[in-house]
Amino acid sequence: MEFLEALDRRRSVRAYRRTALDHRRIQIILDAVLLAPSAGDLQAYRVVVVENPKTKSALADAAHGQRFIAQASVVLVFFADPARSAAKYAQRGRSLFALQDATLAAAYAQLAAADLGLASCWVGAFDDDAVVGAVN
């Protein structure tokens, strides 16, 4: 797929087929995440791959009841790592660069998924503490 076609195909989808996603495709998406630009190449983020149904359900609860999250084969949770960025960039790294790094990584994941013919949806409405509790 050409790059602009991948951009055009990417949509927020909230209904998913009930089929497992093979790990090769997950790895391709995670490899694309590593290609995202980041401040100082610190990659001040962490990605958690969630396939466990109970954890996906807890994430849906943490996202204010957005149940479609629990229906996805795989959920990728992106965490900014402010301390990693702050070690090099002080407060600007803590308050901005880490969040930008995680955001760019998530965007690259969505584009890689679109390139593979997969659906995704960006979720920005969630309770931070509940998400942390769900994946830890």
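This is a predicted model: local features need pLDDT of at least 70, side-chain atom pairs count only at pLDDT 80 or more; totals for chains, interfaces and linings use all residues.
Arg 11 and Tyr 89 are 78 residues apart along the chain, and their C-alpha atoms are separated by 34 Å.

## Overall layout

The chain contains six helices and two strands. Their order along the sequence is α-α-β-α-α-β-α-α. The radius of gyration is 15 Å, close to the 14 Å that the globule rule gives for 136 residues, so the chain is as compact as a globular protein of that length. Along the principal axes, the C-alpha atoms fill a box of roughly 45 × 35 × 25 Å.

Of the 136 residues in the chain, 34% are buried. Among contacts with a separation of 6 or more, 73% are between residues 24 or more positions apart. The chain exposes about 8,100 Å², and carbon and sulfur atoms supply 53% of that area.

## The two strands

S1 and S2 pair in the antiparallel sense, over six bridges. Within this pairing, Tyr 45 stands opposite Ala 80 in S2.

Val 75, Val 77 and Phe 79 form the covered face, while Leu 76, Phe 78 and Ala 80 form the uncovered one.

## Nonpolar cores

In soluble globular proteins, nonpolar side chains tend to be buried together. The largest nonpolar core in this chain has 17 residues. Those with the most contacts inside this core are Val 50, Leu 59, Ile 69, Val 75, Val 77 and Val 135. The elements that each give two or more residues to the core are strand S1 (45–50), helix H3 (53–62), helix H4 (68–71), strand S2 (75–80) and helix H6 (128–135). Another core, of nine residues, lies apart from the largest one; Tyr 45, Ala 105, Ala 112 and Ala 113 are among its members.

Beyond its neighbours within four places in sequence, Val 75 is in contact with Val 48, Val 49, Val 50, Lys 56, Leu 59 and Ile 69.

## Helix H6

The buried residues of H6 include Val 131, Ala 134 and Val 135. These three cover an arc of only 85° around the axis, which puts them on the same side of H6. An α-helix has 3.6 residues a turn, so residues three or four places apart point the same way.

The buried residues of H6 pack against S1, H3 and S2. The face turned away from that buried side carries the exposed residues Asp 129 and Gly 133.

## Thr 55 in helix H3

Thr 55 belongs to helix H3. Its relative accessibility is 19%, and because the buried class is under 20%, Thr 55 counts as buried. Leaving aside neighbours within four places in sequence, Thr 55 is in contact with Val 50, Ala 134 and Val 135.

Note on methods. Residues are numbered from 1 along each chain as its sequence is written. Side-chain values use heavy atoms; hydrogens and water are left out. A nonpolar core is a set of buried Ala, Val, Leu, Ile, Met, Phe, Trp, Tyr and Cys residues joined through side-chain atoms within 4.5 Å. Buried means under 20% relative accessible area, exposed over 50%, partly exposed in between (1.4 Å probe, protein chains only). Helices (H or I, at least four residues) and strands (E, at least two) are DSSP runs, numbered from the N terminus. Contact means heavy atoms within 4.5 Å. Two strands pair if DSSP finds at least two bridges between them. The radius of gyration is taken over C-alpha atoms; the globule rule is 2.2 Å times the number of residues to the power 0.38. Accessible areas come from the Shrake-Rupley method with a 1.4 Å probe; for residues, only the protein chains shown count as cover. The arc is that of the directions from the helix axis to the C-beta atoms.
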